[in-house]
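Please keep the sequence and the structure in view while reading.

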Amino acid sequence: MSDTPAFGIAGLLGWPVAHSRSPVIHNHWLERYGIPGRYTLFPVPPERLPDALKGLSALRMRGCNVTTPHKQAVMPLIDDVDPLARKIGAVNTIVVQEDGSLRGFNNDGNGFVQSIRDAQPAWRPDTGPIAVLGAGGAARAVVASLAVQGAREIRVVNRTLARAVELQSLFGPPVTTVPWDERETALEGVALLANATDQGMAGKPSLDIRLERLPQTAIVGDLIYTPPETPLLAAARARGNVTVNGLGLLLNQARPAFNAWFGVMPEITPELIRAIEATF
Ligand code: NAP
């Protein structure tokens, strides 16, 4: 018989972590499904990360999420990394296995793709060209999932072109690159525009882009959720585009993590969305 404690503990390892909405999500689900457990925040400075990871299995925790600045750093410190996470080069979820070993996943890209499908079920990654703004960690996860799920053309547009070219060499033919100065031409004919830069986040300048060339049929997804409507999403909504903010990604990456830790694939309900919105 398993020696996994009945009261399940999971949490978020990051530095800092105080801003996270993940406790609201997972604790809501624990309560809703009557599962004894708790999801909590673990502020872990980089130099304590190896000890913190050893603690996961020593304490028989179910696992954890991983956020900035540890998403890459955990990779060599865990026993096994799922192929998609390896391709992305970052882990956002760790599951403690029955034998105490640690397995890492990255659900961010799939969470983003699912959030777009939740908003427009007829959309598929191969519906039409996709423009991704940004080439950092989040963009990498989004591009990886889009490519794996059949996207045929992903135009990566990044301020530092070399980082976009790196994504092109990693993910091959579906990926093309567009210099930042030509970002508006990258919008022509797309079915999806994804903002994976940090521009438009609370405290940062708005994303500097005009939407005239964006088809009105395109869905616009912003990975940012603070504020819930970025200036990009407001401008897109005003001209009739369907818009999706980063809460969809956050919620959809959380579902498979919760399932792996607690054995139930949880639902995203209006009540849960209201609980998160109440934190803004
Ligand atoms: P990152 O690795 O630091 O990448 C930041 C990106 O923003 C880079 O592509 C960078 O371009 C670009 N950028 C920064 N300043 C810019 C400027 N002035 N003009 C144009 N581009 C600029 O960050 P990340 O981890 O990928 O995160 C990106 C965004 O996704 C953040 O807003 C984050 O909050 C969000 N995110 C949301 C979730 C969620 O759960 N919803 C999960 C993960 C990330 P350069 O390469 O030229 O520097």
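Helices (H or I, at least four residues) and strands (E, at least two) are DSSP runs, numbered from the N terminus. Axes are lines fitted to C-alpha atoms, for helices over the stretch in contact, and angles run from 0 to 180 degrees between N-to-C directions. The model is a predicted one, in which local features need pLDDT of at least 70 and side-chain atom pairs count only at pLDDT 80 or more, while totals for chains, interfaces and linings use all residues. Residues are numbered from 1 along each chain as its sequence is written, and side-chain values use heavy atoms, with hydrogens and water left out.

An open sheet is built from six strands in the order 2-1-3-5-6-4, with mixed pairing; two strands pair if DSSP finds at least two bridges between them. Strand 2 (37-43) and strand 4 (80-81) form the edges, each pairing on one side only. Strand 3 (residues 63-66) and strand 5 (residues 93-96) are antiparallel partners over three bridges, and Asn 65 has Thr 93 of strand 5 as its bridge partner. Helix 1 (residues 22-32) packs on the sheet, where it touches strand 2 and strand 3, and its direction makes about 165 degrees with that of strand 2.

The axes of helix 4 and helix 8 (residues 247-262) come within 7 Å and cross at roughly 120 degrees. In contact terms (heavy atoms within 4.5 Å), the residues of helix 4 that meet helix 8 include Asp 108, Phe 112 and Asp 118, and those of helix 8 include Leu 249 and Gln 253.

Helix 4 also holds Ile 116. Is Ile 116 buried or exposed? Ile 116 is buried, because its relative accessible area is 0%; buried means under 20% relative accessible area, exposed over 50%, and partly exposed in between (1.4 Å probe, protein chains only). Beyond its neighbours within four places in sequence, Ile 116 contacts Trp 123, Leu 192, Ile 219, Gly 221 and Val 244. Val 244 is 128 residues from Ile 116 in sequence, yet their C-alpha atoms are 6.8 Å apart.

A nonpolar core is a set of buried Ala, Val, Leu, Ile, Met, Phe, Trp, Tyr and Cys residues joined through side-chain atoms within 4.5 Å. The largest such core has 31 residues, and Phe 112, Trp 123 and Ile 154 are among those with the most contacts inside it. Elements supplying at least two residues each include helix 4 (108-119) and helix 5 (137-148). Helix 5 gives the most, with six residues. A second, separate core of 20 residues includes Val 17, Ile 25, Ile 35 and Val 95.
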